[in-house]
Amino acid sequence: MKLKVKVSTYVKLTTLVVSGGLTGIALVYFHQELYTGGCVMIFLLLMLVTLGLNYAPMYVIVDSDNVKVKSLLKTWKIKLKDINRIEIFQPTIGAIRICASGGFMGHWGLYREGDVGNYIGFYGKSSDCFMIRLENGDKYVLGCEKPQLVVKKIRDKII
């Protein structure tokens, strides 16, 4: 089962504003012949885009042994045998980004919520999420279209 990660309007706007802003600032620096500042802005933009291509989720895939999160450049695997519990979950605005993107090319990285603790997130819309808790205590929040279907399929496989 392969399901697409849908992104919210907020994610689209954040990605557009950050990319456009950094590009615009770089162009202003170059126009004023301040090449060092322009190069720094281009470097920051390239760094953010590279991180996004590595971590921004595109698909959630459930196969016979794993739950996979696929970005453009990388695939993360969670073994079904390591899953302790899975449930529908909606991240809140109060989640603290420890080392994470809050909307640039999706939501990805390490987050902290008061009642849940730390978790690794890979999602595009907070309304499309579910949480996987592993035997070792690690938590993952994944998001894709039809999250209820994914939760049911994984529950059927781990029972």
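Okay, let's start with M105: at 23% relative accessibility, M105 counts as partly exposed, because that label covers everything between buried, under 20% relative accessible area, and exposed, over 50%, using a 1.4 Å probe and protein chains only. M105 lies in the loop between β6 (96-103) and β7. Helices here are DSSP runs of H or I with at least four residues, strands are runs of E with at least two, and both are numbered from the N terminus. Phi of M105 is near 60 degrees, a positive value in a residue other than glycine.

A word on the source. This is a predicted model, where local features need pLDDT of at least 70 and side-chain atom pairs count only at pLDDT 80 or more, while totals for chains, interfaces and linings use all residues. Residues are numbered from 1 along each chain as its sequence is written, and side-chain values use heavy atoms, with hydrogens and water left out.

Back to phi. Most residues other than glycine have a negative phi. K146 has a positive one too, near 55 degrees. You'll find K146 in the loop between β10 (139-143) and α3, and K146 is exposed, with a relative accessible area of 52%.

How far apart are the end C-alpha atoms of α3? They are 16 Å apart, which agrees with the 16 Å that twelve residues should span at 1.5 Å a residue; the expected span is 1.5 Å times one less than the number of residues. Within α3, the buried residues are P147, V150, V151 and I154. Seen down the helix axis, the buried residues of α3 fall within an arc of 100 degrees, so they line one face; the arc is that of the directions from the axis to the C-beta atoms. As background, an α-helix has 3.6 residues a turn, so residues three or four places apart point the same way. Turned away from the buried side of α3 is a face with the exposed residues Q148 and K152. And what covers the buried residues? The cover includes β1 (2-4), β2 (59-62), β3 (66-70), β5 (83-88) and β9 (129-134), with contact meaning heavy atoms within 4.5 Å.

I154 turns up again in the largest nonpolar core, which has 23 residues. A nonpolar core is a set of buried Ala, Val, Leu, Ile, Met, Phe, Trp, Tyr and Cys residues joined through side-chain atoms within 4.5 Å. Those with the most contacts inside the largest core are V67, I78, I83, F130, I132, L142 and I154. Two or more residues each come from β2, β3, β4, β5, β9, β10 and α3. Take V67: leaving out residues up to four places away in sequence, V67 touches a set including V60, W76, I78, I132, L142 and I154.

Is N66 buried or exposed? N66 is buried, with a relative accessible area of 9%. Not counting residues up to four places away in sequence, N66 touches I61, K77, I78, K79 and L80.

Now the rings. The structure holds six aromatic pairs. Rings of Phe, Tyr and Trp (its six-membered ring) pair if their centres lie within 6.5 Å; planes under 30 degrees apart count as stacked, over 60 as edge-to-face and the rest as tilted. One of the pairs is Y55 with W108, stacked, at 5.5 Å centre to centre and 15 degrees between the planes. That pair links distant parts of the chain, with Y55 in helix α2 (residues 35-55) and W108 in strand β7 (residues 106-113), 53 residues apart. Y55 is partly exposed at 32% relative accessibility, while W108 is buried at 9%.

Then W76 and F122: their ring centres are 4.9 Å apart and their planes at 40 degrees, so the pair is tilted. W76 lies in strand β4 (residues 75-79) and F122 in strand β8 (residues 117-123), so this pair ties together parts 46 residues apart in sequence. W76 is buried at 19% relative accessible area, and F122 is buried at 4%.
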